[in-house]
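Dear colleague,

I am passing on the structure that we spoke about, and my notes on it follow below. Please read them with the model open beside you.

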Amino acid sequence: MITSVALNPAVDKIYFVDNFEPGRMYRVRQMVKTAGGKGVNVARVARMLGENVRLTGFKGGETGNWLESQLKKLGVVTRFVEVSGETRTNNNIIDRVRDSETEVLEPGPFISGEDMEKFMEVYKEALSDSKVVVLSGGLPQGVPACCYKALIEEAKNFNIPVILDSGGDALKEGIKAKPNVIKPNLRELGSLIQKELRDMDEIVEALKEINADGIDISMVSMGNKGAVLCTKDLCLRVKVPHVETVNTIGSGDAMVAGFAAGLARDKTMEECLRLAAACGVSNARFLEIGVVDKNEVEIQKNRVEIERIS
């Protein structure tokens, strides 16, 4: 069982508006609505790969109920803690003509100390049969930055590998508990080490610094430029095949789901990385966020190139 944690899930709405400009009225002809948030995307993709998946976190109101129903339809086991307020909605306006993206993100409900205590009980129960734990995304209002650190430490009591995919203070604090894997994107990695990363040598150096600090696997996603993974013994660069891209949002989450599935299947490092990259490529072929085609993933796995760079 893969356990994915979504502390601040969302309903994602994507509006496709050509030549978008603020201050004007538009009648949208195409809109995509999905259950979203990084942890939700991870759960959905892992389930589409055929994994047994549990999703836990917080939900609120009718928006939260709708989000949960979408995951249950796929066969994801859900264990949400009900909270006051309404699960957030994220609005994304994509302008294909100008190749731009505008996001309007709601904050989501406030999480009380009592809510957090209930969640910890659910989380500890989930650890009893988890093979991999994935902690993804930002933290909701009321939850301290050290939250992921506490969740990683709990998982370590069960010797369960943890993947942490976050940014900002949540990543900085969470990394102190030494998760097995971290996967920031390039911007988040630069923020973590407080340095602009200009070339491959600097990226590898940054990942190696993280390995030296006690993280087994440090990986950075770089969009259509692939990804780089480092351990204390080696660094691997992934080159992804060119495909006709429809929507790249969620490809990083798909990568995390693929890597988690590989770990759950006891695959080698390279096999995990190849599966992760193929999932990222497949996600980019869909309008929806956090969606892959299992058959295409198998095809793309054979097209992914992996080279050792140190």
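In what order do the ten strands of the open sheet lie? The order is 5-4-1-8-9-10-11-12-13-14, and the pairing is mixed; strands here are DSSP runs of E of at least two residues, helices are runs of H or I of at least four, both numbered from the N terminus, and two strands pair if DSSP finds at least two bridges between them. Strand 5 (77-82) and strand 14 (305-308) are the edge strands, each pairing on one side only.

Before going further, please note that this is a predicted model, in which local features need pLDDT of at least 70 and side-chain atom pairs count only at pLDDT 80 or more, while totals for chains, interfaces and linings use all residues. Residues are numbered from 1 along each chain as its sequence is written, and side-chain values use heavy atoms, with hydrogens and water left out.

Within the sheet, strand 10 (residues 181-182) and strand 11 (residues 217-221) run parallel and are joined by two bridges, and Ile182 has Ser218 of strand 11 as its bridge partner. Helix 8 (residues 251-264) lies across strands 1, 8, 9, 10, 11 and 12, running at about 175° to strand 9 (162-165); axes are lines fitted to C-alpha atoms, for helices over the stretch in contact (heavy atoms within 4.5 Å), and angles run from 0 to 180 degrees between N-to-C directions.

Strand 12 (227-230) brings us to Cys230, which a disulfide (a pair of cysteine sulfur atoms within 2.5 Å) joins to Cys235, with an S to S distance of 2.1 Å. The structure holds one disulfide, and it is right-handed because the torsion about the S-S bond of Cys230 and Cys235 is about 110°.

Among the residues lining the cavity are Leu7, Phe58, Lys59 and Pro140.

The second largest pocket holds about 320 Å³, and its lining includes Phe16, Asp95, Arg96 and Glu101. Strand 6 (88-95) and strand 7 (100-105) each supply at least two residues of that lining.

With best wishes

Notes
1 Å grid on protein atoms, 1.4 Å probe; cavity = no way out; pocket = protein on both sides within 12 Å on 5 of 7 lines; lining within 4 Å. Points joined across faces, edges and corners; volume = space filled by probe spheres on them.
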